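Please explain this structure to me step by step, with attention to its strands and its aromatic rings.

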Amino acid sequence: MITQEIEQEWEQVLDYLEKAVGKRPADLNSVLFLIGVQELGRGTQVFTKEQKQDLMHIAICKVLSFSGYYELAGTDQDGWPHWKLVQKVPYVDLLTQENFLKLHVITYFNDYLDLPGNQ
């Protein structure tokens with residue numbers, strides 16, 4: 001179950017992204033995609049479906065790295081980051097998994113990007 005405090009922080013993340021990109025992300029996957037683009041560091045461009053999936057994977061690894069689940073292994077010849085699993089991510093149901101990821105995304109914006117209003 002996601003607490004009211006976490007839900008408020010999630011809404012702050014969505015508000016921040018709406019101001020930053022001009023459109024409110026529809027869901028967690030949209031936020032993960034934006035984090036992946038940020039972590040790739042190439043700015044806005046057209047991505048293939050496979051690249052979009054890769055960007056979401058990059059984002060998941062990045063946010064879960066805050067809790068020690070992944071560590072950056074390096075980048076390939078095209079500049080795409082690759083991550084190494086350090087600690088097995090616990091298996092949970094889909095709702096718990098979404099909330100787990102939301103918490104890590106909130107941490108990403110609060111700690112890593114200094115989301116305004118959350119210092």
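How many residues lie between S1 and S2 in the hairpin that they form? In this model, which is predicted, there are five residues between the two strands of the hairpin, and glycine 79, which sits in the turn, has a positive phi of about 85°. The strands S1 and S2 run antiparallel and are joined by five bridges; within this pairing, leucine 72 has tryptophan 83 in S2 as its bridge partner. In a regular strand, the side chains alternate between the two faces of the sheet.

We can now turn to the aromatic rings, for which a search of the whole structure finds six pairs. One of them is formed by phenylalanine 47 and tryptophan 80, whose rings are 6.5 Å apart from centre to centre, with 85° between their planes, in an edge-to-face arrangement. This pair links distant parts of the chain, since phenylalanine 47 belongs to the loop between helix H2 (28–40) and helix H3 (49–65), while tryptophan 80 belongs to the loop between strand S1 (70–75) and strand S2 (81–85), 33 residues apart. Both phenylalanine 47 and tryptophan 80 are buried.

Another pair consists of tyrosine 108 and phenylalanine 109, with ring centres 5.2 Å apart; because their planes meet at 85°, and an angle over 60 degrees counts as edge-to-face, the pair is given that name. Tyrosine 108 counts as buried because its relative accessibility is 0%, and phenylalanine 109 counts as buried because its relative accessibility is 3%. Finally, ring pairs link tyrosine 108 and phenylalanine 109 with Tyr16 and Phe66 into a cluster.

How values were computed:
Residues are numbered from 1 along each chain as its sequence is written. This is a predicted model: local features need pLDDT of at least 70, side-chain atom pairs count only at pLDDT 80 or more; totals for chains, interfaces and linings use all residues. Side-chain values use heavy atoms; hydrogens and water are left out. Rings of Phe, Tyr and Trp (its six-membered ring) pair if their centres lie within 6.5 Å; planes under 30 degrees apart count as stacked, over 60 as edge-to-face and the rest as tilted. Helices (H or I, at least four residues) and strands (E, at least two) are DSSP runs, numbered from the N terminus. Buried means under 20% relative accessible area, exposed over 50%, partly exposed in between (1.4 Å probe, protein chains only). Two strands pair if DSSP finds at least two bridges between them.
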